[in-house]
Amino acid sequence: MSELSDLIADTSERIFHDLGDPQSVINSGDGGWRPPLWSAIEEAGLSRAMVPEALGGVGIPLAVAFDILRIAGRHAVALPLAETVLAGWLLGRGGISAPDGMIAVAPTQRHSRLSIDDRGRITGRCDAVPFAGEVSHFAVLAQNGDAGCHVALLSADEVAVDAGHSIAGDDLGTVICEATEPLAAAKVDGLTQDSLMQFGAVARAMQMAGALEALLDMSVQYAQERVAFGRPISKYQAVQHNLARMAGEVAAAVAIATSAAYALEQGSELDEAVLIEAASAKIRVGEAAGEGAAIAHQVHGAIGYTMEHPLHRFAQRLWAWRDDFGGEVEWAERLGRVYASKGGLGMWPTVTAA
Amino acid sequence: MSSAIQFDPVRLPEEAEALRVEVRAFIAEEVAAGTFELGQPGRAFNLAFSRKVAQKGWIGMTWPKEYGGQERSFLERYVVNEEFLIAGAPTRVHFTADRQSGPVILKYAPEEIKRKIIPRIIAGECTFSIGMSEPNSGSDLFAASTKAERTNEGWRINGQKLWTSTAHQADYMIGLFRTSPPTSDNRRHGLTQFLVDMKADGISTRPVYFPDGSHDFNEVIFDNTLIPDDHVLGEIDGAWKQATAELAYERSGPERFLETIQVLIALIELIGPEPDSRAAEGLGRLMAQMFTMRRMSISVAGMLSAGKEPVLEASLVKDLGTIWEQKLPALARDLAAGLPFDRVGRAEFQKTLEHAIRIAPKLTIQGGTTEVLRGIIARGLGLR
């Protein structure tokens with residue numbers, strides 16, 4: 001890794017650790033940790049990691065920007081950081097400057113659609129949009145019939161949000177636009193809703209990979225500390241094998257998430273290779289999230305199943321993040337159709353071309 | 001762990017992808033010429049094929065030029081290996097020698113032995129087997145009791161190896177024999193690796209058939225077999241120090257997740273180009289797993305090629321990879337059951353499936369059981 005990426009990783013790690021440590025967040029008992037953490041994120045430029053240099057970004061390579069999200073996952077950061085980072089990329093594709101503050105992106109589900117009419121007004125409904133009720137702006141992708149996709153920036157004041165919560169308790173809402181006038185909009189050739197789904201899927205895969213790394217560390221450490229029947233439970237083969245299995249899931253998650261981030265950096269999001277990487281990452285990491293959270297809970301026993309223990313901040317976010325930008329089933333069906341179309345002998349050349 | 005386990009994204013370099021084109025063309029020619037049939041599982045023993053591979057310079061291709069190698073990269077070798085596996089090419093003659101026996105000889109054998117044997121491996125005419133397991137020593141390698149005793153003429157071997165693949169076809173074995181008793185503070189002490197000429201007097205092999213009746217396993221009996229002094233490989237009594245790097249190569253290659261891949265190929269044919277949502281989802285999950293395994297395996301290959309010893313990562317690849325290739329036949333069977341029985345490709349699928357179901361149990365045993373691997377992983381995590 002380069003000096004720049006090391007510097008960014010160290011800065012991210014320090015900010016999330018100092019201001020967003022999950023145990024301190026739990027102990028605080030309220031949301032008082034949120035404003036200082038967000039300020040530090042903005043001051044360090046992390047939330048603008050994917051803003052193009054021409055629009056005032058600092059020109060971080062894409063894979064390094066994705067790595068910030070993995071590090072955020074290691075601290076179960078429950079702020080719209082990934083969303084604002086993605087917004088910087090999406091708006092950048094339309095040459096639109098990203099405003100300061102928290103930005104959500106929409107749509108985040110394949111079936112949700114926004115349309116833009118000939119007068120530039122946006123209409124439609126997007127379900128399950130993370131942090132919809134907390135942000136000041138939305139970066140959206142809207143379709144003008146068959147004429148292509150537009151990127152637009154909306155003020156949160158101009159849209160209706162039916163607020164709710166994810167399984168992790170984080171804000172998650174339905175966004176409804178009715179002839180909403182955007183603050184800015186631009187038609188972008190070669191951009192599709194797939195592009196946004198892929199970027200979002202890889203962002204979530206990186207967050208989940210980071211959360212899984214942290215859960216493995218926590219579980220190994222706890223197993224070494226907890227004594228039962230006169231020995232640390234890490235000495236029992238049944239516990240060792242559970243943790244070894246978890247390590248495999250975590251390794252797979254890290255490998256495919258970072259590979260997909262690298263693929264997005266190297267290729268165009270219209271490439272089939274990028275689709276294969278992103279889909280494989282969201283499927284495999286989603287599976288690892290379920291397995292990993294389950295083993296972490298099993299190793300921690302009763303103490304992990306309490307509000308005061310930080311385990312739930314990771315496990316619940318793993319469960320929630322699986323569903324954003326398409327879950328395993330949806331991506332698997334998509335990926336399965338790609339390979340089925342190649343035939344038995346076409347499968348392998350497709351794999352090696354990715 | 002986040003720091004202890006590394007799987008950085010690695011992509012195969014251009015020269016490796018250029019080589020892939022060459023390998024595919026070679027496979028197509030050999031299939032057209034009738035040297036072998038595409039998609040046959042189980043790495044058949046085919047001298048004609050191995051000689052042709054040798055003529056291409058693809059056996060021992062990473063080894064030093066002074067012994068006849070090509071000094072090509074480990075990532076290029078990776079490509080040759082995975083293309084042969086997918087094609088079901090009959091590589092048994094040279095597979096083991098190319099993967100691990102050759103490197104052991106290059107590292108530990110005396111000069112004249114290297115000069116004698118390495119060129120024969122590279123020519124595709126020298127088959128190796130690995131003599132590790134014994135009736136009372138499988139996963140617990142350090143329990144090996146077959147003895148090598150020093151005499152005036154060399155070493156005298158007495159005892160028995162068991163479940164030894166390819167021993168009946170092998171020219172040589174790399175055997176692990178007891179030269180001293182273990183010490184009280186190190187039970188791994190006392191074993192030595194030897195190069196064994198399978199034509200030597202006092203060696204007999206007896207087939208031990210697989211449940212499907214096929215012959216790969218053998219029992220090998222040593223009855224006062226004489227091994228010359230210069231056939232000792234490495235440190236006497238210190239074999240346990242030599243195995244580490246070898247295992248990283250043995251455990252992380254594409255053969256650790258592609259052994260049952262013919263089922264997946266046949267399943268895709270059976271599913272056809274327009275799957276229903278059940279078949280599409282099932283296939284997508286299988287492909288996401290396989291794609292991830294390949295990324296992990298190539299990542300380890302990249303580390304090996306950079307001179308690292310990713311022992312923990314290699315064990316993770318073998319654990320995940322063999323569990324997956326073992327589950328694959330069952331998952332494919334379930335998906336196929338949802339399709340009309342009279343589909344084109346059903347007979348071919350069924351034949352491939354049955355073979356894969358039969359071989360599945362051995363995949364998580366050979367080359368390090370799941371249980372042993374998880375112990376190594378647990379140690380890597382700091383639990384032991």
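E134(B) and K161(B) form a salt bridge, with the closest N and O atoms 2.8 Å apart. E134(B) sits in the loop between β1 (128-131) and β2 (147-150) of chain B, and K161(B) in strand β3 (residues 155-161), so the pair ties together parts that are 27 residues apart in sequence. The model is a predicted one.

Are the two partners buried or exposed? E134(B) has a relative accessibility of 3%, so it counts as buried. K161(B) is buried too, because its relative accessible area is 0%.

## Other salt bridges

Over all chains, the count comes to 47 salt bridges. One of them joins D324(A) and R204(A), whose closest N and O atoms are 2.8 Å apart. D324(A) lies in the loop between α9 (311-323) and α10 of chain A, while R204(A) belongs to helix α6 of chain A, so this pair ties together parts that are 120 residues apart in sequence. D324(A) and R204(A) are both buried.

E235(B) and K241(B) also meet through their side chains in a salt bridge, at 2.8 Å from N to O. How accessible are these two residues? E235(B) is partly exposed, with a relative accessible area of 42%. K241(B) is partly exposed as well, at 45%. Chain B also holds a network of salt bridges. Its members are E17(B), R20(B), R24(B), E82(B), E83(B) and R294(B).

## The interface of chains A and B

In the contact between the chains, 51 residues of chain A meet 49 residues of chain B. The area buried between them is about 4,400 Å². Carbon and sulfur atoms give 66% of that area.

Between chain A and chain B, the count is three salt bridges. One of these pairs E277(A) with R295(B), the closest N and O atoms being 2.6 Å apart. Which helices of chain A supply the side that touches chain B? At least two residues each come from α6 (193-225), α7 (237-266), α8 (272-300), α10 (328-340) and α11 (344-353) of chain A. Helix α7(A) gives the most, with 18 residues. By class, the side of chain A that touches chain B has 25 nonpolar, 14 polar and 12 charged residues.

## Helix α2 of chain B

Helix α2 of chain B spans residues 47-55. Its buried residues are F49(B), S50(B), V53(B) and A54(B). An α-helix has 3.6 residues a turn, so residues three or four places apart point the same way. The cover over the buried residues of α2(B) includes α1 (14-32), α3 (74-87), α4 (92-108) and α5 (111-122) of chain B.

Both ends of this helix have a feature to note. After the helix comes G57(B), whose phi is positive, near 80°.

Most residues other than glycine have a negative phi, and most peptide bonds are trans.

The peptide bond between A106(A) and P107(A) is cis, with omega about 0°. P107(A) is found in the loop between β1 (103-106) and β2 (113-116) of chain A. A76(A) has a positive phi, near 50°, and is not a glycine. A76(A) lies in the loop between α4 (62-74) and α5 (81-93) of chain A. Its relative accessibility is 2%, so A76(A) counts as buried.

T166(B) is not a glycine either, yet its phi is positive, about 65°. The place of T166(B) is the loop between β3 and β4 (172-178) of chain B. T166(B) is buried, with a relative accessible area of 4%.

Notes:
Residues numbered from 1 in each chain as written. Chains lettered and ligands numbered in written order. Predicted model: local features only at pLDDT ≥ 70, side-chain atom pairs only at ≥ 80, totals over all residues. Heavy atoms only, no water. Buried < 20%, exposed > 50% of the residue type's maximum accessible area, 1.4 Å probe, protein only. Helix = DSSP H or I, 4+ residues; strand = E, 2+ residues; numbered from the N terminus. Contact = heavy atoms within 4.5 Å. Buried area = accessible area lost by both parts, 1.4 Å probe. Salt bridge = Lys/Arg side-chain N within 4 Å of Asp/Glu carboxyl O. Nonpolar A, V, L, I, M, F, W, Y, C, P; charged D, E, K, R; others polar.
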